[in-house]
Amino acid sequence: MVFKPELSWEFLSRDEIAFRTVKALRNHVVHLKEASHYYSQILKDIDPAEISSPDDISRLPFTDRTDVVNNLQLFWSIPFDQVAEMVATRGLTGLPLVFILSKGDLDRLVFNGALAFNAIGLTQEDRAQVLLTLDGLLIAGMAYYRALTAIGVNTTRIGHIPFDKQKQYIDLLKPTVLISTPSYLKVFGQRLVESGYDLRNTSIEKIFCVGESIRNEAFELNSIGKTVQELFNAQLFSGYGVTEFSVSYSECAERNGCHSHPELIYTEIVDENGNPVPDGTVGELVGTPLGVEGVPLLRYRTGDITFKLPGACSCGRNSDRIGPILKRKSQIIKLKDKTVYPLAITSALEDLDYIKDYILMIEGKESFPDQATLHIVAPASRLDSITAHLREKAEVSIPILISNIATLNSFRGGTRREVKIIDKRNQ
Ligand SMILES: [Zn+2]
């Protein structure tokens, strides 16, 4: 596949993007009715010809995670002999959802990643190290690895190997860019600095962060973002991927919101009643991925809370931009006296340097309320100050247990440090 960023829709005018989007949405509905067992029923009374503006899509039904969980195989829209790869969502909440991808879907993923890396200025001169796991059916490592190699960036699959070895690979291979999660980079960076390594003066110029927000609503680095920036002394860029969409939203050099790739996804932000909200207003991210063959979706509700930025980006791209993920609706915890978003708890914990690792465990079945417990690796003498900090920053008071790394990894079923929330409800 030859990547030609100039052929992407991002630099077209807003009107031209809207015009092409309408055509793409109409074709998408035709495709859903023909190829998807699920949507052929749901959309049987819908005439695609009636979609004449992007707003018309708001008349079509939403799809949520429960619909997909309950009807997974009805969503699979290609024969098995055309499946090139299978991926799954993380399974942090409920059962893992297995998504099938055609060869065309893999090319689409490459195009998505290539647009993201083009926007942060990567070229064939760069050397990338992917510090993401490439196994476990996870999409991110696989997708970004494919994209980097496709655009000719010299790419090394580092994954999660012992820190000493990673240090050697930085010295030997001199990467200019890292692709990783902020949580992993924080632990990795701190460990290297503790060993006396001069991490601020390496060849690493840029870091593409996935999996967690590194910015707050004002687009300043948040606590974990600041820590990673301080440790590595590199430019940080944020990417927000959604497995179900086979797409990511990612920052350009301006680092003021994550751009959508309009030929790959139509993005809406809706309020609690499902009505579209104006740009700048916070609501739930809803996406209609375009051009997907394996598991095409319509108006999929992510449960992730963010906002669209008004106006155009000074980089010249006219695609939609979204802010950081502020909350995840799917993970809301209903305690006895209030509801709490886990991201409020985890971002408060990131402020405290003496916490070496932690897991927020959420339990409860049908019963109300939920139970949340924090397992923390920190000195026991800090317990009171952690409790006070959580009360102040996240307005929450939950049981805290001092633990150790081995126990936390046993909860995770491995050593993937970026797993900070384990939701046992619905399991
Ligand atoms: Zn931009």
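Modeller: Let's begin with a pair of helices: Phe163, Gln166 and Lys167 in α7 meet Phe188, Arg191 and Leu192 in α8. Residues are in contact if their C-beta atoms, placed from the backbone, lie within 7 Å. Helices (H or I, at least four residues) and strands (E, at least two) are DSSP runs, numbered from the N terminus.

Biologist: What classes of residue make up the contact of α7 with α8?

Modeller: Three nonpolar, one polar and two charged residues. Here Ala, Val, Leu, Ile, Met, Phe, Trp, Tyr, Cys and Pro count as nonpolar, Asp, Glu, Lys and Arg as charged, and the others, Gly among them, as polar.

Biologist: And at what angle do the axes of α7 and α8 cross?

Modeller: At roughly 80°, and the axes of α7 (163-173) and α8 (182-194) come within 10 Å. That makes α7 roughly perpendicular to α8. Axes are lines fitted to C-alpha atoms, for helices over the stretch in contact, and angles run from 0 to 180 degrees between N-to-C directions. Under 35 degrees counts as roughly parallel, over 145 as roughly antiparallel, 65 to 115 as roughly perpendicular and the rest as oblique.

Biologist: Before we go on, where does the model come from, and how is it numbered?

Modeller: This is a predicted model, where local features need pLDDT of at least 70 and side-chain atom pairs count only at pLDDT 80 or more, while totals for chains, interfaces and linings use all residues. Residues are numbered from 1 along each chain as its sequence is written.

Biologist: New topic. Is strand β6 mostly covered or uncovered?

Modeller: Mostly covered: five of the five residues of β6 (206-210) are buried. Buried means 20 or more other C-beta atoms within 10 Å of the residue's own, exposed means 12 or fewer, and partly exposed is in between, with C-beta atoms placed from the backbone. Lys206, Phe208 and Val210 point one way from β6, and Ile207 and Cys209 point the other way.

Biologist: Which strand is joined to β6?

Modeller: β5 (177-180), through four bridges, and the two run parallel. Ile179 has Phe208 as its bridge partner in β6. Strands pair if DSSP finds at least two bridges between them.

Biologist: Which residues have the most contacts inside the largest nonpolar core?

Modeller: Val130, Tyr144, Ala147, Ile179 and Ile207, in a core of 76 residues. A nonpolar core is a set of buried Ala, Val, Leu, Ile, Met, Phe, Trp, Tyr and Cys residues joined through C-beta atoms within 7 Å. Leaving aside neighbours within four places in sequence, Tyr144 is in contact with Gly113, Val130, Leu132 and Ile179. There is also a second, separate core of 16 residues, which includes Leu349, Ile362, Leu374 and Ile376.

Biologist: What is the strand order in the open sheet of four strands?

Modeller: β10-β11-β12-β14, with antiparallel pairing. β10 (265-270) and β14 (327-328) each have a single partner strand, so one side of each is left without a neighbour in the sheet. Between β11 (283-289) and β12 (300-306) there are four bridges, and Glu284 stands opposite Ile305 in β12.

Biologist: What about the loop between β11 and β12?

Modeller: Arg299 lies in that loop and has a positive phi of about 45°, although it is not a glycine. Arg299 is partly exposed, because 18 other C-beta atoms lie within 10 Å.

Biologist: And is Ser246 buried or exposed?

Modeller: Ser246 is buried, with 26 other C-beta atoms within 10 Å. Ser246 lies in the loop between β7 (235-242) and β8 (247-251), and its phi is near 50°.

Terms used
Contact = placed C-beta atoms within 7 Å.
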